There are 2 protein chains.
Amino acid sequence: MTTSQIADMLRSNGLKVTPQRVEIIRFLQAHRVHPTAQQIYEHVLRKVGSVSFTTIYNTMRVLEQMGQVRKIPITENAAIYDIDTSDHGHFVCEICGTVYDIAYKASFQIPHQARKTELIVYGVCERCMKTQ
Amino acid sequence: MTTSQIADMLRSNGLKVTPQRVEIIRFLQAHRVHPTAQQIYEHVLRKVGSVSFTTIYNTMRVLEQMGQVRKIPITENAAIYDIDTSDHGHFVCEICGTVYDIAYKASFQIPHQARKTELIVYGVCERCMKTQ
DNA sequence: CTATTTGCAAAGTGTTTGCAATGAC
DNA sequence: GTCATTGCAAACACTTTGCAAATAG
């Protein structure tokens, strides 16, 4: 996604185009990691020179409401954000903390109306298994 | 589980038997809800007359380490605790906040070593669907 | 020029920690 | 009597809020 496509996306959602917002989205798209607010903050600060946690959290909230971002409730500590909103789960390595996307198939029968499904698997990732 | 069985369970794990610990476990077993630390605190305070959040969190931590309790990372806010450690998922009603146990079958292939799987489904529960 | 956005500082929430007093055994 | 446990108060980490200054359009 080019900068002007990011700008269009923001404008079409009624949002103003600010350097902070553009850089947040650029970061999420380019790196495809699963960053915390802290990591997004550090990147945008480096790139733009000025940003605050207020702006990070505000922007992540509007992006989530726009359906452009998923907020993932990894157990303890901080939430992480995923720009890939397709249906997939996450594997969290308990050694190095890396979060991997995983494909899954889940079936369950509930007398309720499901809106969102969250699958999180905790364990040790391949890389850490080798190192240990 | 009788009080003396609870006492035995504590002792066999090298823990002293205090009124607060007994009442915490009794509460988890009798009600089978998915309480937050706050709810456990309120119950134990009413029953025992004296308890602190320090004690609640300390006890829940040792119970979790003993494998007697599962801590569930429901999205926002506070964690909830489940004394049923068998393999099952959870449905969280976004209207009333109730957490229901759900049976599920999930399949995924990962090059990693899984230790724990957490499935949480968010939506509107049957009861709230009728009321709305 | 106007309405939105930024960002500081302060507040808020759930949880943990330091440490003295209490209590189990 | 000894060592674990309790519980207060303070500290913590992440996130949100109030509000004035800056900025996009």
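1. Axes here are lines fitted to C-alpha atoms, for helices over the stretch in contact, and angles run from 0 to 180 degrees between N-to-C directions; helices (H or I, at least four residues) are DSSP runs numbered from the N terminus. This is a predicted model, in which local features need pLDDT of at least 70 and side-chain atom pairs count only at pLDDT 80 or more, while totals for chains, interfaces and linings use all residues. Residues are numbered from 1 along each chain as its sequence is written, chains are lettered from A in the order in which they are written, and side-chain values use heavy atoms, with hydrogens and water left out.

2. In chain B, the axes of helix H1 (residues 3-12) and helix H2 (residues 19-31) come within 10 Å and cross at roughly 115°. Thr3(B), Ile6(B), Met9(B) and Leu10(B) of H1(B) are in contact (heavy atoms within 4.5 Å) with Arg21(B), Val22(B), Ile25(B), Arg26(B) and Gln29(B) of H2(B).

3. Chain A is divided into domain 1 (3-82) and domain 2 (89-131), with bounds from an automatic or database domain assignment, and the domain centres, taken over C-alpha atoms, are separated by 23 Å. Nine residues from domain 1 of chain A and nine residues from domain 2 of chain A take part in the contact.

4. Between them, the two domains of chain A bury about 710 Å², 53% of it on carbon and sulfur atoms; buried area is the accessible area (1.4 Å probe) that two parts lose on being put together, summed over both. His34(A), Arg70(A) and Ile74(A) supply 55% of the area that domain 1 of chain A buries against domain 2 of chain A, more than any other three residues.

5. The count between these two domains of chain A is one salt bridge, defined as a side-chain nitrogen of Lys or Arg within 4 Å of a carboxyl oxygen of Asp or Glu. Arg70(A) and Glu118(A) meet through their side chains in a salt bridge, at 3.0 Å from N to O.

Definitions and conventions
Helix = DSSP H or I, 4+ residues; strand = E, 2+ residues; numbered from the N terminus.
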